[in-house]
Amino acid sequence: MMSKNKNNISRRHFLRDGFWAGCLAALGGLTGFLLSKLRKTNTVWQIDPYTCIACGNCATYCVLEESAVKCVHAFALCGYCRICFGFFGPEPVEINEGAENQLCPTGAITRTFVEDPYYEYTIDESLCNGCGKCVKGCNTFGNGSLSLQVRHDRCLNCNECSIAAACPSGAYKRVPADEPYMLKKVGHA
Amino acid sequence: MVRFCYIRIGIALFLILCSSTTGTERFPPPDFIETNYVIPSPTVPGPRQDIYEYIDAGVLLAVLGLSSYLVLRNRSRRAIFILMVFSLLYFGFWRKGCVCPVGAIQNIVLSIFDRDYVVPIAIAFFFLLPLVFALFFGRVFCAGVCPLGAVQDLVLLRPTSVPNWLESGLRLFAYVYLAAAVLFAATGSAFLICRYDPFVAFFRLNGNLNILIIGACLLLISMFIGRPYCRFICPYGVLLRQLSRLSKWRVTITPDECIQCRLCEDSCPFGAIKRPTTDWPATEYSRSKKRLAVLIILLPVLIFLCGWTGSGLKMVTSRMHARVRLAERIYLEDTGKVQDTTDASLAFRTTGKEPKVLYEEASNIRAEFGLGGWFFGGFTGLVIGLKLIAVSVWRQRTDYEADRAGCLACGRCFKYCPKEHVRLKKVKEVTG
C-alpha cells in the first residue's frame, strides 16, 4: 500500500514536470515564432489622407478630451488661393478674416497675405479640434492640401485606437514609428 | 465681393467636372516672384521614442523579479504593497496603462493569423515575461505588477467571501471572454479586451462614459469582493492560472510546516485558501464515480454542441468586423430597404469598388467566423466540461494550502501563520 502510494505521487510529479516542460517549450516556440516576424520599431496609428473622408469622427471618438488628431497643412500642395474653401464657409458674407465668414468652428486657421493674389493659411494646433471641416472643403473644391493627421506629441498610442474602431472609411493604419506621418505629396496619383 | 466668390465656386466646379483624375493641384502652387516667400513644411512631432518601450520592458522585468523575491523569499505584505503601488503609478498613471500584458494577447494572436501584422518587440516582451515568471514563481505578476489588479486591491475594504459554486460559475466568464477576444483578434475585427478595459479610463482620467461607469461599478464591487476583474473577467488571468498550477516555486502560507491551527482560514479575500479535507465519504463514493463516468462520456458531446452553437452564431459574431457591417449596409441600400446613407457607405461609394467584391469579402470573413466559432464554442464546452469533472473529483489535502491557480500571491495570509512569527523572531535574534 505504502509503495503504491509513493509510486502514485511520483507519477503525479512526473506528469506535472512533463506539463511544465511542455508549457515552457510552448512559450519557447511562441517566442521563436514571434522572433521570425518581429519588428524592432514600435507601431503608431496614422490616417491615410487619400482614404480619409473627413467625416468628423476624429474630433469626437478620441479617448483624449481634446483629440490627438489635428489638421496638417501640406504647404507644397497649396494653391495659396485668395478664396480658400477650407477657410471660408459656404456662403461668406465678405471675403475677409471675419469670424462669420470662416468655416472652422474654432477659428484655428489664420490667413495671412503673402503677395497679390496669394494668401497663406496656417493651422493653430492649440485651437484645432480635428473635425475635418476644412479638409472636406479643401478636398472638394481645392487642391486637397489640408489633411487630418494623428499628432504623435499628443497621441497615447492605444493598443486599439478608439477612432480607428469608429472610422467609416478604414483610413487608420498602424505605421512604423520611425515614419509616423502620412503627409500628402505633390504628384500623387 | 460675394459675386466673385460664386464665380470662383463655378470655376472650381467646372474644373472638378473637367478633371476626373486626382483632384489635386486644381490651382497650381504659385511661384512667389514678388516676395522671397519660402514655402514652409508642416511640423512633424515624433512619437515616443522606441528606447522608452525597451525601458518599459526592462522595468517590467525588474518589477517581476522583485515581486518574485518579495513573495517567495522576503514574505512581506508591506513590501509587496509598496511594489504594487509603484506599479500602479508607473504602468497605470504614468504609462496610461497601454500596452499591458492583458491586451497584448490580442497583438500576439493577430500576428499569428494576420500575415501583414508584425508585433513590436516590446509588446512581445510584455506578453511573454509574466507567463514565464508564472511558470517559475506563480502569479507574481498579479501580486505586484499588474496596475489593473493594484487599483482594485487598493480599494478593498471589507472582503466578503463568495460561495464556491458562484466563484467557479462566474470564473467561466473569463474563459469565454478570452475565447471571444482571441476570436475577434484572429479575424482582425476588434481588440475586445482593450475596448472594454474598465480601468484604463481611470489611468487616463478620461475616456468613454460607459466604460468609466463600468469601471466605477467594478471599483465599488471591489470594495467588498476582492479583485472581481482579476477573478472573474481577466483573460490573461486565465493563462496565468493554468501556468501557475505547474509553477516550480509557489506561495506557501506557512514558512515551515502547517500545524492546522486554522488561523489563516479566513485571511484570504480571494477565497484561494484550500482547507484540509476529510476522508472520502463512503456514501458519496459510488455516486461520484458514476457521475464522473457520465461526465467524461458527455464531454465530447458538450464540446460538439457548444462548437456547433458557436459556429451557428457566425452571422451575429461576424458583425464585429467593419467589412461585414459595411457589406450588410450596402446590401440594404442597394436593395432599397433603407433610404439614407451612412458615412461608411458613402466612403465605400467614393472608392468606386464593386459591391460584389465587398459581398465576397464579407462572406469570406463570415466563413472565418464559422470556423473560428467551432473553436470558440468548443473551447467553452471544454472548459465547462472540465470544470464539472473537477467538481466531481475528490482531492485529498491534509494541510491548509494556497490554491495553486487562484492564489494572487498578495501575501496577506503570511502574517496569520504562527510559524511565520517564529521565523521573523528568528531573523531578529540573528541580526540583533
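Two residues are in contact here if their C-beta atoms, placed from the backbone, lie within 7 Å.

A word on the model itself. It is a predicted one, in which local features need pLDDT of at least 70, side-chain atom pairs count only at pLDDT 80 or more, and totals for chains, interfaces and linings use all residues. Residues are numbered from 1 along each chain as its sequence is written, while chains are lettered from A and ligands numbered from 1 in the order in which they are written.

How confident is the predictor? Its confidence in each residue is the pLDDT, from 0 to 100. Chain B has a mean pLDDT of 88, with 93% of its residues at 70 or more. Residues 13-23 of chain B fall below 50, and this stretch has 6 contacts in the model beyond near neighbours in sequence. Where pLDDT is low, the predicted coordinates should not be read in detail. The model scores are ipTM 0.87 and pTM 0.89.

Now look at the build of chain B. It holds 19 helices and 3 strands, where helices (H or I, at least four residues) and strands (E, at least two) are DSSP runs, numbered from the N terminus. Its C-alpha trace spans about 95 × 60 × 35 Å along the principal axes. Of its 432 residues, 37% count as buried, that is, with 20 or more other C-beta atoms, placed from the backbone, within 10 Å of their own.

Next, see where the chains meet. The contact takes 59 residues from chain B and 62 residues from chain A. Several elements of chain B each supply at least two residues to its side, including α1 (2-18), α2 (50-74) and α5 (121-137). The most come from α5(B), with 7 residues. Strands take part in the meeting too: β1 of chain A (residues 38-39) and β1(B) run parallel, joined by 2 bridges. Strands pair if DSSP finds at least two bridges between them. In this pairing, L38(A) has V119(B) as its bridge partner.

Finally, turn to chain A and its strand β3 (residues 69-73), where 5 of 5 residues are buried. V69(A), C71(A) and H73(A) point one way from β3(A), and K70(A) and V72(A) the other way. The strand runs antiparallel to β6 (residues 146-150) of chain A, with 5 bridges between them. There, C71(A) has L148(A) as its bridge partner.

Terms used. pLDDT = per-residue confidence, 0-100. Buried ≥ 20, exposed ≤ 12 C-beta atoms within 10 Å, placed from the backbone.
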